[in-house]
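Here is a short briefing for someone opening this structure for the first time. Look over the sequence and the model, then read on.

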Amino acid sequence: MVRRVAVVGAGSSGLACIKICVDEGLEPVCFESSDDIGGLWNFRETPELERTSIYRSLVVNTSKEMMCFSDFPMPSDYPNFMHNSQLLQYFRLYAEHFDLLRYINFQTTVRSVLQRPDFSLSGQWEVVTINKNGQEERHIFDAVLVCSGHYTHPTLPLSDFQGHETFSGRCLHSWEYKDADAFTGKRVVVVGIGNSGGDIAVEISRSAEKTFLSTRQGAWVMGRMSTNGVPLDMAVIKRINNVLFQLLPKTLVNWAAERALNNKYDHILYGLKPKHRLMERKPMINDDLPGRILQGAIVMKHNLEGFKDSRVVFEDGTVEENIDAVVFCTGYTGKFPFLPSTLSEGPFEEVTLYKRVFPPSLHPPTLAVMGLFQVKGPIMPTVEMQARWAVKVFLGQSRLPTKEKMLDVIESERRRNMQSYPCPRQAVLQVDYIPYLDFMAGEVGVRPKLLRLFLRDHVLWAKVFFGPCTPYQYRLSGPGNWSGARQAIFTQWERVAQPFRTREIPDNTSKFGLYSPLMLTFTGTIIIVVLFSKGKIVTTLEAATEMLNKSTVFLRKLWFSLPQNPDM
């Protein structure tokens, strides 16, 4: 019987895990090595070994409505894309609201997590910790949730580049970078074109003499804004889009999306275009990089090849002279030194995880790893759902497949992802946002029931299916449902608009344009029918007729529920 659960880390993942354990009647004990909550998002002036580190100016890449916890919307006055300090404040509000701090042991480092001798029967773990006084303590737990993150061990590949030993400039990893002050008037090379590489290159370029951005493969670059200035993720991450992406040819979807991006700035002209198609990998999110390239403040370069004294050589043979610093934005190695080495079963000695949560070799499954994935979408709601599923497994309310089946799934997903990510270590980390959340939600019993919503609550169904896939959708029904979820969905665009309302301007625009009758009647009916008819033609036609009638009633209700514009 699982009762006591160890939670390793008090960042965003750890806070969610504590709260979910309490919700399920468990007794969480959280160990946090620092003196505060927030993990990655708690900015520190000086990086500390084996801890996460961010730069001073870091702003989130996912909007507040998409990234919040599913039963705790962010304050309406928060900006849609907030500075790291505001996100930390949100965590404080969350911890205070649910009284989570009393479960956290600060300045306590986890040294080891080992299976007890009777593990096959009890599923228990011995957790060894070191407190702030240097004293070692041993604890027994029924289950463990690992929330320590995977941005603690930076990858600095200096040995791959000839001449780095005699390079006269400074080499550092983005993990060490805090701000651009040290690079004023310097000539700087930034290596890597992920989100951190783009942010750091842009920031350094505002004060450096010259900034070069070196990339092996290039990247598709997208800003945070979509049409009309709304958050991009709220415009893109929708159930309707997920269905369309599955139905339409990938070539067509890629062509249309790439064309839209290139209409803003030609990725070939700007030296950005990668070899892969847009929908195959995560794009870089950056509002300023194209503008800095246009101004000549950033110069795009091929992959770094080596060093010669103060010079940097690139793979195309070009050389840049008098380089003062090279900043490597080359990622991290996911390491969990406190876990048993037997869990690192992967071909590269990485922790092998079924559905990016459970080590398949463990029976009973009483340990889960949170947040060790990459996704085209917000991380916090994904981890929250991982935790909800993990706790259900701990309690025996959700069952895992056999070890053999789990290993087959892991390998199958790795092979599929390698079509877009040739590196096996990268491929295994990739998950698709809505399908992944829906899978776990199905295991928990909280997946939105679209057909039932369509029949019983037309307006809510329209917002769930055609609107952004916000986390509140997973609190509408089932275990852990939240009575405020429906209202949170209905008011999500109000919270998006609130921080803009610093200068009121009269708006007489009709709201009816938000929902096209033709789209809701035709698209909604046909998609629902296709999804649930299982290819039976006659049944499909009968269902379509019935749903078309219901759609007419829905549209009438929707029309009368909206404020009418007297000027129309």
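Which residue in E5 is the bridge partner of Thr109? The partner is Ile130. This is a predicted model, where local features need pLDDT of at least 70, side-chain atom pairs count only at pLDDT 80 or more, and totals for chains, interfaces and linings use all residues. Residues are numbered from 1 along each chain as its sequence is written, and side-chain values use heavy atoms, with hydrogens and water left out.

**Overview**

- The protein has 19 helices and 20 strands. Helices (H or I, at least four residues) and strands (E, at least two) are DSSP runs, numbered from the N terminus.
- The protein has 568 residues, and 51% of them count as buried. Buried means under 20% relative accessible area, exposed over 50%, and partly exposed in between (1.4 Å probe, protein chains only).
- Take the contacts between residues at least 6 apart in sequence: 68% of these join residues at least 24 apart. Contact means heavy atoms within 4.5 Å.

**The sheet E4-E5-E6**

- Three strands form an open sheet in the order E4-E5-E6, with antiparallel pairing. Two strands pair if DSSP finds at least two bridges between them.
- Strands E4 (109-115) and E6 (136-141) stand at the edges; each has a single partner strand, so one side of each is left without a neighbour in the sheet.
- From one strand to the next, the twist averages 20°. Axes are lines fitted to C-alpha atoms, for helices over the stretch in contact, and angles run from 0 to 180 degrees between N-to-C directions.
- E4 pairs with E5 (residues 125-130) over 6 bridges, in the antiparallel sense.

**The sheet E14-E15-E16**

- Another open sheet of 3 strands has the order E14-E15-E16, and its pairing is antiparallel.
- E14 (304-308) and E16 (319-320) are the edge strands, each with a single partner, so one side of each has no neighbour in the sheet.
- E14 and E15 (residues 311-314) run antiparallel and are joined by 4 bridges. Gly306 stands opposite Val313 in E15.

**Strand E10 and its partners**

- E10 (residues 210-214) is mostly covered, with 4 of its 5 residues buried.
- E9 (residues 187-191) runs parallel to E10, and 5 bridges join them. Val191 has Ser214 in E10 as its bridge partner.
- From E9 the chain crosses through helix H5 (residues 195-205) to E10, in a right-handed β-α-β crossover. Right-handed here means that, with the strands pointing away from the viewer, the path from the first strand over the helix to the second runs clockwise.
- E10 also pairs with E13 (residues 298-301), in the parallel sense over 4 bridges. Phe212 has Val299 in E13 as its bridge partner.

**Helices H10 and H13**

- H10 (residues 380-394) and H13 (residues 433-444) pack at an angle of about 25°, with their axes 9 Å apart.
- The two helices are therefore roughly parallel to each other. Angles under 35 degrees count as roughly parallel, over 145 as roughly antiparallel, 65 to 115 as roughly perpendicular and the rest as oblique.
- Residues of H10, including Met385 and Trp389, meet residues of H13, including Tyr436 and Met440.

**Ser420**

- Ser420 lies in the loop between helix H11 (403-417) and helix H12 (424-427).
- Ser420 counts as buried, at 18% relative accessibility.
- Leaving aside neighbours within four places in sequence, Ser420 is in contact with Glu280 and Arg281.
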